Amino acid sequence: MADLSQQLSDWSKAVASMDVTRSSEQLLDIMAGLKVPGVNMDALVASQRDNLEALNAANQVALEGMKAVGAWQVKLLQETMRELSTAIGKLSQSGSPQQLVATESELAKKAFATAVRQMQELTQIVIQANQQASAAIAKRIPESLGEIRDVLKLPETPAKL
């Protein structure tokens, strides 16, 4: 019992440190050592390990999506700075008030079109990341449900004709 207590203590520390991989592996090791009547612990641990792998894959896709959004934001900032520099140069060259208003109107029109285009790009990045992350989880759910029979040591049911 002291060994289980130490394992749970180690597991709590890993969770507290937010080392998800380490804490998950430790929890699976603890589960593997338990003996529960009517439950195939090896099958349960294998199933949960597969679930964690699917979750990790989904998290990796989400992380890649966040990186893509960050890269997009850097690109947006660089583009905005270039356009701002160009706009300031054009405004300083405008002569009459009418030319200034026309130049400002044209700059506002371009800025609006750019903003709409960039929001569409961002939307596509987020949609793609969400779809990929969801697909990793959605693929694993039916597999996990199918493993319940092994975990609970249920007999195979004969195929119905």
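Residues are numbered from 1 along each chain as its sequence is written. Because the model is predicted, local features need pLDDT of at least 70 and side-chain atom pairs count only at pLDDT 80 or more, whereas totals for chains, interfaces and linings use all residues, and side-chain values use heavy atoms, with hydrogens and water left out.

The chain contains five helices and zero strands, and along the sequence the pattern reads α-α-α-α-α; helices (H or I, at least four residues) and strands (E, at least two) are DSSP runs, numbered from the N terminus. Of the 161 residues in the chain, 20% are buried, where buried means under 20% relative accessible area, exposed over 50% and partly exposed in between, with a 1.4 Å probe and protein chains only. Among contacts (heavy atoms within 4.5 Å) between residues at least 6 apart in sequence, 60% join residues at least 24 apart.

The axes of helix 3 and helix 4 come within 9 Å and cross at roughly 175 degrees, which makes helix 3 roughly antiparallel to helix 4. Here axes are lines fitted to C-alpha atoms, for helices over the stretch in contact, and angles run from 0 to 180 degrees between N-to-C directions; angles under 35 degrees count as roughly parallel, over 145 as roughly antiparallel, 65 to 115 as roughly perpendicular and the rest as oblique.

The largest pocket has a volume of about 300 Å³, and helix 3 (41–93) and helix 4 (97–146) are the elements that give two or more residues to its lining. On a 1 Å grid over the protein atoms alone, a pocket is an open set of points where a 1.4 Å probe fits, with protein on both sides within 12 Å along at least five of seven lines, and lining residues have an atom within 4 Å of a point. The volume is the space filled by probe spheres set on the points, which are joined across faces, edges and corners. The lining comprises 13 residues, of which Glu-83, Leu-84, Leu-107, Lys-110 and Ala-111 lie nearest the centre of the pocket, and helix 3 gives the most, with seven residues.

Arg-140, found in helix 4, is buried with a relative accessible area of 6%; leaving aside neighbours within four places in sequence, Arg-140 is in contact with Ser-47, Asp-50, Asn-51, Ala-54 and Glu-147. Met-41, in helix 3, counts as buried at 10% relative accessibility.
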